[in-house]
Amino acid sequence: MSAKAPERAVVTPRQHQLTKRAKDVGDAFDQVEFDEISTKAPERAVVTPRQHQLTKRSKGVEIENKKSLETELQWLKDPLKLSDHVKYTLRCEKPEKALDLCRLASKSMSCVVSWNAVIDWTMKNRKINEAIKIYNEMKKRAQFPDNYTYMMILRGLGFRSHIGQVVKEENVSKAIAIYTSMNAPNSRVRPNIMHTNATLNVCALALDMDALWSVAGQIPTKGPHAADHLTYTIILNAIRHAAYGKNPEDVALEQVAVRRQEAVDEGRRVWIDIIRKWRAGEIRIDEDLVGSMGRLLLTSKRIEDWDSVLDLVRQTMNIERLIAPVGSAQRHTEHVPQEDTEQAVEAHEEEVDDEGYTNSPATKAFVVVKPSQPEHATSKGPRPLLWAEPGPQTVSLLVDACQHMRIPRIASAYWELLTTGEHSIKPDLENFDRQLRLYASNRASAKAAKLLREDLPAAGIEPKNSTFRLAMSACQRDMKNPHVLEHATTVIDIMEQTSPDPDSQVLMDYLSLALTSNDGPKIVAVINRMDSIIHNLRSRINYGPDRRISAAADVRDLKRACAFLQTLVGTIDTLMARSLVPSEDFQHWHARRADLVKFLGISRRRIDKRERELAPPEGDKSLGRPLGLTMGKDAWALREFRYNEPQRKEGRRDKIRQERDAVFNPPRGERGAEAGAGGFGM
């Protein structure tokens, strides 16, 4: 009889796990003495800030809807499709989701383009610190930045909310730090001229010339990373803006003149280097670069610098001068006002090379040059110079220079030369505005009216309110012209045809110009011309604007309209006070005046109501005040109390009673008199 070994019981993994856990709990319970058991809560462990930071870092970034995002990524295996989806997500204003997609995708693929899209979107929305954090997180997730990453960051550091804003100094520090890191020996990406230009632009917009010259000093003289035409354009614009300073109103006029002259001299020295490289074919010159140098010259107070603009255009665009240079016998400058400014002129010896180019001081930076000889003897000869192509910016530059030098005939000659014939430049609205300024300074109201009537429609350009103001200023300066009111009426006709809401300032200037004539029939014709405008203005106040504008802008426009109505009432008062109309017509004019005053009062009450609705509570600084509003609700209550004060109310009643009696109870001699033609269509 053989003895068999007992069979081992089959234990499942789950039973083994439960048995082991029970044994561990029993052993732990046996080791505890009952007299040590306490009912007190265990003490919390003290965690230092460093331990908390490490614990937080170990947990990582929490991602919402992680499973749904992982499901989306299953269909986005291609980095190109992922980048397109991330850009679409950013267009849908979901930056958090786009960033989470980049975080999850970084575990399995290289998605630098997607990270770049997120950084670019964040920079364009003026969230600089957040963009820098995303840039640092990108590197931690083994997504190495490329040229485009650095370009988007450096470009974003120079973004501004409006043109006149100065970039913060901290943006300059960040740009310099990033640019320096790119120049480090262990950097994966070396900076090219585009990164350098973006860094220079940040320094220029911050008016930090020390930082700008420190970056410019690192640019190689030759090679693919050498300075180009954009580099010099940024430098010249920076020199011009730095001459005014960050707070030009705090600087004395004499000091401002000295700064401008020093800036012009520095720009001339930079221009010598530009021309040297241009002759050698290392860089090209475009209209923006020429315009930067020209505008820098126009900041000076010396006529020699203004005249150098014509030399500059001849040197770079091969457009000959149309007037003799300053200092020649054929040029007279006695009529040009100038300010005497002391300037230090450095004396240098002139060095003339074989081709006739003068390496002279900055005072002769705009001489006509020839192409330089090639370095190698095997070359066929010097290459021809590549002239800059003139455009609308050149037209404005030449007109401004001629206006500074008081030579309107030459300005008109340049206008005809550039807009017709060989060049055939199509002027833009800014060119026409410059031409209107020239007409205003020379009291040429007929030319201003012709420009609005013929030249602008021929160019297919729609004028703005500023254009009509310039044209009306030309008429005001030409007030001694007997036909000036005809030209001003042409301006009003064109403005009413092209603008949905005529500019109130232009209308007030039109009425003021009519009063200067002191001619009754002309003033009556001007007032009657306002009938259609008053009718449209009534609809504007009663039913609102035709286009969509903010409530604050609507109140501002209505205030200007009320100022125009008040000016019109004053024009009628002046018409009767000077007895420029027959006395038998006074009843008619009193009726028209009373109708205007009534409409003006209704309009002001509506404006006050809208302002009261827009005004934030008193003392609430978290709410921004709309444009033009400075009173809270408590101040409005005080204003209403003063308005209803008994003495003031009685005075207003007497005034209204007198106006009513003048209309409905005229003197005996005026009863039955025929009223003149005209009315406001009310």
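What follows is a tour of selections, from the whole chain to single residues.

**Before you click.** This is a predicted model, in which local features need pLDDT of at least 70 and side-chain atom pairs count only at pLDDT 80 or more, while totals for chains, interfaces and linings use all residues. Residues are numbered from 1 along each chain as its sequence is written, and side-chain values use heavy atoms, with hydrogens and water left out.

**Select the whole chain.** Color by pLDDT, the predictor's confidence in each residue, from 0 to 100. The protein chain averages 81, and 76% of the residues score at least 70. In cartoon view, look for 28 helices and two strands; these are DSSP runs numbered from the N terminus (helices: H or I, at least four residues; strands: E, at least two). Of the 682 residues, 41% are buried. Here buried means under 20% relative accessible area, exposed means over 50%, and partly exposed is in between (1.4 Å probe, protein chains only).

**Select residues 95-105.** This is helix 5, where eight of the eleven residues are buried. Those eight are Ala-98, Leu-99, Asp-100, Leu-101, Cys-102, Arg-103, Leu-104 and Ala-105. What do they pack against? Show helix 3 (66-73), helix 4 (79-91), helix 6 (112-124) and helix 7 (128-140) to see their partners.

**Select Arg-126, then Ser-424.** Arg-126 sits in the loop between helix 6 and helix 7. Its phi is positive, about 65 degrees, although Arg-126 is not a glycine. Ser-424, in the loop between helix 17 (408-419) and helix 18 (429-441), has a positive phi of about 50 degrees and is not a glycine either. Arg-126 is partly exposed, with a relative accessible area of 44%; Ser-424 counts as partly exposed at 47%.

**Select residues 445-459 and 465-477.** Helix 19 and helix 20 pack at about 150 degrees, with axes 7 Å apart. Axes are lines fitted to C-alpha atoms, for helices over the stretch in contact, and angles run from 0 to 180 degrees between N-to-C directions. That angle makes helix 19 roughly antiparallel to helix 20, a label for angles over 145 degrees. Show side chains: Ser-445, Ala-448, Leu-452 and Leu-456 in helix 19 meet Thr-467, Phe-468, Ala-471, Ala-474 and Cys-475 in helix 20. Contact means heavy atoms within 4.5 Å. These residues divide into seven nonpolar, two polar and no charged.

Is Val-491 buried or exposed? At 0% relative accessibility, Val-491 counts as buried. Leaving aside residues up to four places away in sequence, Val-491 touches Leu-452, Phe-468, Ala-471 and Met-472. Try the distance tool on Val-491 and Ala-471: they are 20 residues apart in sequence and 7.1 Å apart in space, C-alpha to C-alpha.

**Select residues 531-543 and 551-577.** Helix 24 and helix 25 pack at an angle of about 145 degrees, with their axes 11 Å apart. On the helix 24 side, the contact residues are Ile-533, Ile-534, Leu-537, Arg-540 and Ile-541; on helix 25 they are Asp-554, Asp-557, Leu-558, Ala-561, Phe-564, Leu-565 and Leu-568. This contact divides into nine nonpolar, no polar and three charged residues.

**Last stop: residues 619-631 and 670-678.** Over residues 619-631, pLDDT stays under 50, and residues 670-678 also stay under 50. Where pLDDT is low, the predicted coordinates should not be read in detail.

Notes:
Angles under 35 degrees count as roughly parallel, over 145 as roughly antiparallel, 65 to 115 as roughly perpendicular and the rest as oblique. Ala, Val, Leu, Ile, Met, Phe, Trp, Tyr, Cys and Pro count as nonpolar, Asp, Glu, Lys and Arg as charged, and the others, Gly among them, as polar.
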